[in-house]
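Open the model in your viewer and keep the sequence beside it. The stops below go from one selection to the next.

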Number of protein chains: 2
Amino acid sequence: MEDKIKSGFLYDFYGELLTERQRSVYEMSVLDDLSLSEIADTLSISRQGVHDLLKRVDHQLEEYEAKLHLVEKFMNIRSDVISINELTKGQADAHTMAEISRLSSLILEEL
Amino acid sequence: MEDKIKSGFLYDFYGELLTERQRSVYEMSVLDDLSLSEIADTLSISRQGVHDLLKRVDHQLEEYEAKLHLVEKFMNIRSDVISINELTKGQADAHTMAEISRLSSLILEEL
């Protein structure tokens, strides 16, 4: 599950750096959930060709992340912000405020 | 000021996508604060050559941002997290908690 979320984030973050063809193959596969054969028919290329294109997309997205680490950074921030958001549903006391302060300081270090 | 911060962020975010030569020219200029002539001497190229390299770096960083908008996103998040952090220094009451809840929800939409 975590992997699927991460793969989606990778595409959200770096998808615009791919070529238009790469983006459309990725979207047919992951967003529209088409099979390799269906994509192959649509693009008039072989099933193997689609497979190779998708592998290259994954590889490129991973490569951008290996260089920039932005998805990792944003996922850490997201998890801390979710914790803050949860805390606001509890008691409004000094202990809660101290914990929110700690978490928000952590995020600012990450940013 | 805002511009200078943004330029630094652009480099922090996307610098790894530049070539090694582009990075070293950028760092000599912006981080080490060397003049065009000093950089030109170091690299044994013309002052104009350094100028062109720096322009191309700025252009490329702007181009990445135009595609990915990650610095903009990140600056918005940062500003909301700073507000949350400030709020934790005030009263621990329902009003403060509601405001922190609102801000953290805003961030989660952005993420």
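A residue counts as buried when its relative accessible area is under 20%. The model is predicted.

Start by selecting Phe13(B). Its relative accessibility is 3%, so Phe13(B) counts as buried. With both rings shown, look at how they meet. A pair of aromatic rings is described by the distance of the centres and the angle of the planes. Across the structure, over all chains, there are 10 aromatic pairs. Phe13(B) and Phe74(B) make one that is edge-to-face, with 4.7 Å centre to centre and 65 degrees between the planes.

Keep Phe13(B) on screen and select Lys73(A). Lys73(A) lies over the face of Phe13(B), at 5.4 Å from the ring centre. Next select Phe13(A) and Lys73(B): here Lys73(B) lies over the ring face of Phe13(A), at 5.2 Å from the centre.

For the last stop, go to Ser83(A), in helix H5 (residues 70-87) of chain A. Is Ser83(A) buried or partly exposed? Ser83(A) has a relative accessible area of 31%, so it is partly exposed. Select Ile100(A) too: it is 17 residues from Ser83(A) along the chain, and their C-alpha atoms are separated by 8.3 Å.

Terms used. Residues are numbered from 1 along each chain as its sequence is written. Chains are lettered from A and ligands numbered from 1 in the order in which they are written. This is a predicted model: local features need pLDDT of at least 70, side-chain atom pairs count only at pLDDT 80 or more; totals for chains, interfaces and linings use all residues. Side-chain values use heavy atoms; hydrogens and water are left out. Helices (H or I, at least four residues) and strands (E, at least two) are DSSP runs, numbered from the N terminus. Buried means under 20% relative accessible area, exposed over 50%, partly exposed in between (1.4 Å probe, protein chains only). Rings of Phe, Tyr and Trp (its six-membered ring) pair if their centres lie within 6.5 Å; planes under 30 degrees apart count as stacked, over 60 as edge-to-face and the rest as tilted. A charge sits over a ring if NZ of Lys or CZ of Arg is within 6 Å of the ring centre and within 35 degrees of the ring normal.
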